[in-house]
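Hi,

Here is the structure I said I would pass on. Have a look at it first, and my notes follow below.

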2 protein chains.
Amino acid sequence: MREISDAIRQGAEAYLARQYKTISGIAVVFAIIFAFALRDPNNGYLGLETASGFIVGALCSNLAGYIAMYVSVRSNVRTANASMSGLDPALKIAFRGGMVFGLGVVSMSLLGISGLFILFGGDPAKTPSLIVGFGFGASFAALFAQLGGGIYTKAADMSADLVGKVEAGIPEDDPRNPAVIADLVGDNVGDIAGRGADLFESITGENIGAMILGSGLAALLSTFGGQIPGYDLTNWVLFPLVARAFGLLAAIVGMFFVYAKGREDPFKSLTRGLLVTAVLAMAGFFGATVWLLGYQNVNLFFSALTGITAALLITWITKYYTSYSKRPVQTIAHSAESGPAPGIATGLSVGMESTGLFVLVIAGAIAVSYFLGGGVDALRPLVPPYTANPVKVGLGIYSTAIATMGMLSVTPFILAMDGFGPITDNAAGIVEMSGTPEEQRDLMDLMDSAGNTTKALTKGYGVASAALSAFLLFSAFLEVAGLAYQKSNIGGTTLVQVIGVNLARPTVFIGALVGAMLVFVFSSLAVNAVSKTSARMIKEVRRQFREIKGIMEGTAKPDYSRAVDISTRAALRNMIVPSLLVVLTPIVVGLVLGPEAVGGLLMIGTVTGIMMALFMNNGGGAMDNAKKFVEAGNLGGKGSPTHAATVIGDTVGDPLKDTAGPSLHVVVKLLNTITLALAPLFALFLLKVLAGG
Amino acid sequence: MREISDAIRQGAEAYLARQYKTISGIAVVFAIIFAFALRDPNNGYLGLETASGFIVGALCSNLAGYIAMYVSVRSNVRTANASMSGLDPALKIAFRGGMVFGLGVVSMSLLGISGLFILFGGDPAKTPSLIVGFGFGASFAALFAQLGGGIYTKAADMSADLVGKVEAGIPEDDPRNPAVIADLVGDNVGDIAGRGADLFESITGENIGAMILGSGLAALLSTFGGQIPGYDLTNWVLFPLVARAFGLLAAIVGMFFVYAKGREDPFKSLTRGLLVTAVLAMAGFFGATVWLLGYQNVNLFFSALTGITAALLITWITKYYTSYSKRPVQTIAHSAESGPAPGIATGLSVGMESTGLFVLVIAGAIAVSYFLGGGVDALRPLVPPYTANPVKVGLGIYSTAIATMGMLSVTPFILAMDGFGPITDNAAGIVEMSGTPEEQRDLMDLMDSAGNTTKALTKGYGVASAALSAFLLFSAFLEVAGLAYQKSNIGGTTLVQVIGVNLARPTVFIGALVGAMLVFVFSSLAVNAVSKTSARMIKEVRRQFREIKGIMEGTAKPDYSRAVDISTRAALRNMIVPSLLVVLTPIVVGLVLGPEAVGGLLMIGTVTGIMMALFMNNGGGAMDNAKKFVEAGNLGGKGSPTHAATVIGDTVGDPLKDTAGPSLHVVVKLLNTITLALAPLFALFLLKVLAGG
């Protein structure tokens with residue numbers, strides 16, 4: 001067993017080392033280009049600062065992935081040991097391992113930005129370039145890591161399952177399977193290290209959002225602030241930071257409410273902790289609102305409440321669509337009674353359906369929070385003479401930003417839940433392989449099943465926060481790209497015009513088409529990389545079973561390293577083209593068609609990305625649980641034709657929910673950071689030059 | 001055999017009668033509501049006229065579906081007979097049957113609109129309401145018909161295949177299969193009648209586009225026309241109509257080039273006819289441009305050329321992604337060697353990939369034609385002081401409209417190709433069942449295979465024309481909704497402001513999210529209706545095989561009517577909710593959030609709808625042909641595990657490519673017509689009332 005676990009650790013470390021080397025190489029090339037392309041101190045954007053931020057962001061992202069693996073590898077053994085003493089200690093160790101990881105990621109993000117700030121002499125003029133560059137670097141590295149890890153883990157998983165379980169009839173994680181080591185390495189580099197990078201860039205995006213919010217608000221309010229009752233610049237800029245601090249404290253208190261009363265379902269314990277965190281975070285928000293903004297702006301507290309309510313509703317919706325005690329998953333299983341095809345068609349249908357309630361909740365949250373801030377007056381531009389009231393519009397957008405912060409106030413706790421999943425998963429594997437008593441294995445099954453649920457929920461939360469913060473970051477992009485407001489003096493009258501991104505303009509429509517297409521083509525490449533690699537791996541595994549005599553009897557050892565090698569090389573090769581496509585497309589559109597077209601690309605890319613991520617995550621998750629529903633003894637149970645049909649469905653869902661879907665979260669956020677970072681470049685676009693402007 | 005063919009005709013007629021009764025009932029309710037809601041003669045929109053146009057449009061759509069079935073049922077027997085005399089006569093009869101249908105649909109659309117015009121006394125003030133109402137009615141009825149027919153045909157097809165071919169091992173269309181009659185009825189009500197309604201509304205949309213173009217241009221140019229060299233109002237308004245007439249003539253001439261030299265591949269003959277039509281249509285365009293607009297506006301001819309080039313490229317791309325002699329389909333088949341799951345994953349991936357080249361071609365066509373019309377000057381609004389040059393922008397949009405017309409100039413020929421598919425399909429079935437000599441069957445196989453290819457190509461063409469005309473109809477919507485331009489007088493200076501649809505406004509972002517979600521939820525409901533119905537049908541067929549003794553020996557007749565009844569009731573019930581969802585969502589968004597939010601919904605709904613239609617049509621089509629690739633003797637051929645895997649993939653693709661995908665074309669066009677028809681209603685939206693505007 002030690003031999004196998006060493007092989008896994010070595011495989012994972014070797015892969016991560018090669019992956020990080022590849023990512024760093026590409027990042028350095030981009031950094032050099034950005035440093036030159038953006039060197040224009042006149043408009044406040046500094047090439048060297050952006051490039052340095054970019055490099056540090058990418059390095060921190062790699063480090064976050066490595067730390068995630070480091071913590072997870074250590075916590076899972078301790079969790080497995082603790083499970084001998086009962087559920088409560090095991091649950092606490094696994095969750096606190098997750099919390100260590102969560103707080104580590106949060107603090108590394110803050111440390112990275114602060115370090116850069118100090119390194120460059122603390123010059124406030126350089127700060128925007130530094131933080132935007134940092135965010136861009138973080139999402140850049142995260143995309144490669146999440147995609148590469150996702151390809152690695154699913155290619156190995158699919159082939160280990162299809163040849164080992166289905167064809168050879170040996171159990172999961174059986175050492176006779178030549179792909180077993182690759183599969184276990186995959187869990188570490190995909191689910192854990194990839195996810196770590198993804199979360200690092202999410203939390204960084206949140207930080208950037210709060211900072212842009214602060215500085216953008218400062219600019220807006222210093223001009224118009226006199227019109228807001230009880231307005232004080234410092235307090236309004238401080239507010240997001242104070243509210244965030246309360247969120248961190250709330251998560252730490254919430255952690256103490258994660259304990260198991262007897263054999264209580266661990267998922268219930270986690271939910272209790274989450275609810276306590278949410279209530280405390282909201283109490284903190286209320287205090288901060290009254291203290292800093294004055295009681296007359298208490299509406300903004302209700303915006304935060306709207307945001308967190310939306311977050312809780314989204315986790316509930318995700319649970320509804322992917323839990324096997326609910327209608328959607330059971331419908332898939334029932335359809336699979338007629339064969340794999342109707343089961344898969346129903347699974348795809350469930351994934352598409354899940355976008356409905358999700359959009360209603362997010363749209364509701366945006367509408368309610370916008371009106372709480374700006375009121376119906378913020379809509380005045382809709383009525384002739386179409387001149388905006390910038391204060392009301394600004395307050396409306398500020399209010400949606402506060403709703404986003406309300407939603408994100410429980411992020412540290414959610415990060416811990418997210419870390420909890422793979423830790424228990426690995427711990428359950430260790431317990432299984434060590435031949436421990438059945439009682440202990442039951443207990444770990446209980447934890448593992450809760451971990452699977454949290455995995456699905458945190459994905460839903462991730463998409464929701466991407467959707468809500470997209471609107472905020474889009475406003476930030478308009479600000480930076482000079483598309484928000486424009487003042488002109490006409491006949492002695494100063495006119496404030498809203499410019500925005502007008503869909504009726506052909507360049508914007510083209511940007512929109514390209515944005516939507518980018519999401520589909522990226523997903524296609526991701527899914528295809530998995531199925532191509534697994535097809536190659538399947539041939540190799542079949543070859544070994546056929547050519548190496550004595551594998552099945554256990555007298556000869558399979559050649560694990562060949563399978564590891566196939567996964568490693570395929571993941572490294574196939575992560576490059578899709579990631580570069582996502583990075584280069586907005587750059588080309590921006591350089592040729594200009595910032596407005598990029599705005600169209602960004603917005604429609606985001607909306608389509610969110611829909612496709614929901615479709616793939618929830619469709620894949622539902623098909624996975626339809627299989628588990630049958631395995632729990634329903635509709636014929638294990639070994640029945642219905643079970644075989646759901647296994648095929650689960651395998652179709654695998655690359656959707658674990659490779660393409662999670663990578664799309666990163667794509668959405670990368671589109672946001674890349675457009676923010678390169679906006680000054682797009683201002684000098686080709687068409688403007690041609691038009692002589 | 002006569003007994004069976006009578007059963008099919010009766011089943012189809014009975015279903016269509018019930019379907020049209022249901023659609024008419026719903027249409028009357030909506031018409032009454034519209035008649036009251038839109039009764040505001042002051043702003044030029046007339047409730048009674050819109051409602052009458054709506055009813056006549058819906059009736060004509062039903063009639064078009066019926067005619068399609070009528071022509072097809074008669075042409076297929078004649079084609080089967082003609083095939084005894086050789087390929088050439090059979091090809092000519094099948095194609096000319098399609099041409100009769102195509103020209104019939106085109107002329108009925110023109111007759112319906114002209115009839116309405118005469119009925120209401122030829123008052124030009126009433127014309128916009130009449131034609132917009134007519135288009136809305138046509139797409140309204142088409143959505144129900146295409147969706148209902150799609151559910152009917154695929155539910156019957158899937159269950160006939162899964163139980164008959166896979167479980168019982170009897171050939172396709174075997175009279176021992178209890179679902180066989182339902183399957184054959186389905187071909188008539190889904191592929192033929194549903195498609196007829198779809199095409200009727202496409203051609204109507206084209207007519208409306210040309211008319212709106214004419215009147216919108218008249219308004220724009222009568223104000224600014226003096227600035228265009230060689231400008232003459234009448235000629236510029238006449239131009240679209242003259243160019244269309246040339247397109248019709250070109251199709252008729254092109255028809256004579258559809259003949260078979262010896263055993264030439266019929267697809268080659270069709271391509272020859274299409275190319276001749278395209279060249280002649282372009283010659284007509286060139287003549288019309290020089291004659292009516294003057295040689296100095298020859299750029300507009302190049303726009304038309306851009307449009308038709310795009311159309312030909314799109315059919316080539318569609319062929320590349322769905323033809324079994326090309327890489328994508330073969331990749332699916334190779335993946336299926338590892339099992340059904342990798343095959344299906346690759347199939348989904350191919351569908352998503354196919355959006356890439358498609359978008360590049362459409363985006364290129366919009367960009368090139370816009371610049372040919374307005375030149376880079378049309379982009380001036382991107383450069384401060386952000387005031388538009390309406391003439392240049394207007395010419396740019398006019399030019400993209402001409403590119404759309406260029407693309408649509410071959411529509412009559414494409415309609416004929418579209419009719420050719422089901423006619424040969426049915427004829428091949430008749431030849432197969434009559435036990436004719438092998439030579440004749442080979443010949444029909446050749447025709448049938450060409451028919452399958454044309455079916456895929458015309459779908460690609462349909463999506464392309466929807467994409468290009470969406471931009472045109474979107475401009476028309478902005479015009480009607482008062483969102484295009486606004487003149488204000490500020491300090492004595494008249495300022496022309498572009499209003500448009502600004503994505504930075506929260507209501508527009510909400511509209512965008514809802515538009516994207518609508519496409520996913522509609523697709524989900526469509527796919528789910530098919531898999532639910534087929535699951536019920538599979539149980540019924542299994543029950544009959546089990547309970548009626550002697551079916552397999554041919555001594556007892558299965559109970560066909562039960563299967564027909566299940567399909568009929570499920571199709572009628574399940575077509576209602578998704579269709580109403582598509583109709584009601586934009587109405588609710590418009591009444592609450594206003595025309596700008598509807599603009600967001602319309603545009604993002606269109607873009608997402610196009611992507612999803614491409615994904616489902618091409619993914620499903622590629623999986624279908626991967627099966628055919630294996631059946632042609634590759635990778636183990638019929639009966640091998642790879643074949644079984646591709647059969648599962650084909651079945652997953654069925655509801656995607658034949659129910660949800662084609663219905664999405666109609667959804668996209670319905671969104672365009674509904675927003676045009678109800679725009680005056682949206683001007684009085686709730687938020688404006690609340691804001692006191």
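A term to start with: helices (H or I, at least four residues) and strands (E, at least two) are DSSP runs, numbered from the N terminus. With that in hand, look at helix 3 of chain B, which is followed by G121(B), a residue with a positive phi near 75°. The helix itself covers residues 87–119, and its 33 residues should span 48 Å at 1.5 Å a residue. Here the expected span is 1.5 Å times one less than the number of residues. The end C-alpha atoms of helix 3 of chain B are 47 Å apart, which agrees.

Before going on, please keep in mind that this is a predicted model, where local features need pLDDT of at least 70, side-chain atom pairs count only at pLDDT 80 or more, and totals for chains, interfaces and linings use all residues. Residues are numbered from 1 along each chain as its sequence is written, chains are lettered from A and ligands numbered from 1 in the order in which they are written, and side-chain values use heavy atoms, with hydrogens and water left out.

**The chains**

Chain A has 20 helices and two strands. Of its 693 residues, 66% are buried; buried means under 20% relative accessible area, exposed over 50%, and partly exposed in between (1.4 Å probe, protein chains only). The accessible surface of chain A is about 22300 Å², with 64% of that belonging to carbon and sulfur atoms. Areas like this come from the Shrake-Rupley method with a 1.4 Å probe, and for residues only the protein chains shown count as cover. Taking contacts in chain A between residues at least 6 apart in sequence, 81% join residues at least 24 apart (contact means heavy atoms within 4.5 Å).

How does chain B relate to chain A? The same surface serves both copies, as 100% of the contact residues of chain B recur in chain A.

**Salt bridges**

How many salt bridges are there over all chains? A search of the whole structure finds 36, where a salt bridge is a side-chain nitrogen of Lys or Arg within 4 Å of a carboxyl oxygen of Asp or Glu.

One of them joins K154(A) and D654(A), with the closest N and O atoms 3.6 Å apart. K154(A) sits in helix 4 (residues 127–168) of chain A and D654(A) in helix 19 (residues 641–682) of chain A, so the pair ties together parts that are 500 residues apart in sequence. K154(A) is buried at 6% relative accessible area, and D654(A) is buried too, at 4%.

Both belong to a network of salt bridges that links K154(A), D157(A), K459(A), D624(A), K628(A), D654(A), K657(A) and D658(A). K459(A) is in helix 14 (residues 438–480) of chain A and is buried, with 10% relative accessibility. Apart from neighbours within four places in sequence, K459(A) is in contact with R195(A), N617(A), K657(A), D658(A), P662(A) and H665(A).

Another salt bridge is between R543(A) and E540(A), at 2.9 Å from N to O. These two are three residues apart in helix 15 (residues 506–547) of chain A, and so are separated by about one helical turn. R543(A) is partly exposed at 23%, whereas E540(A) is buried at 7%.

In chain B, E540(B) meets R562(B) in a salt bridge of 3.6 Å, N to O. This pair links distant parts of the chain, with R562(B) in helix 16 (residues 560–574) of chain B and E540(B) in helix 15 (residues 506–547) of chain B, 22 residues apart. R562(B) is partly exposed at 40%, while E540(B) is buried at 7%.

Helix 17 (576–593) and helix 20 (686–690) of chain A each give two or more residues. Helix 17 of chain A gives the most, with four. L591(A) has its place in that helix and is partly exposed, at 36% relative accessible area.
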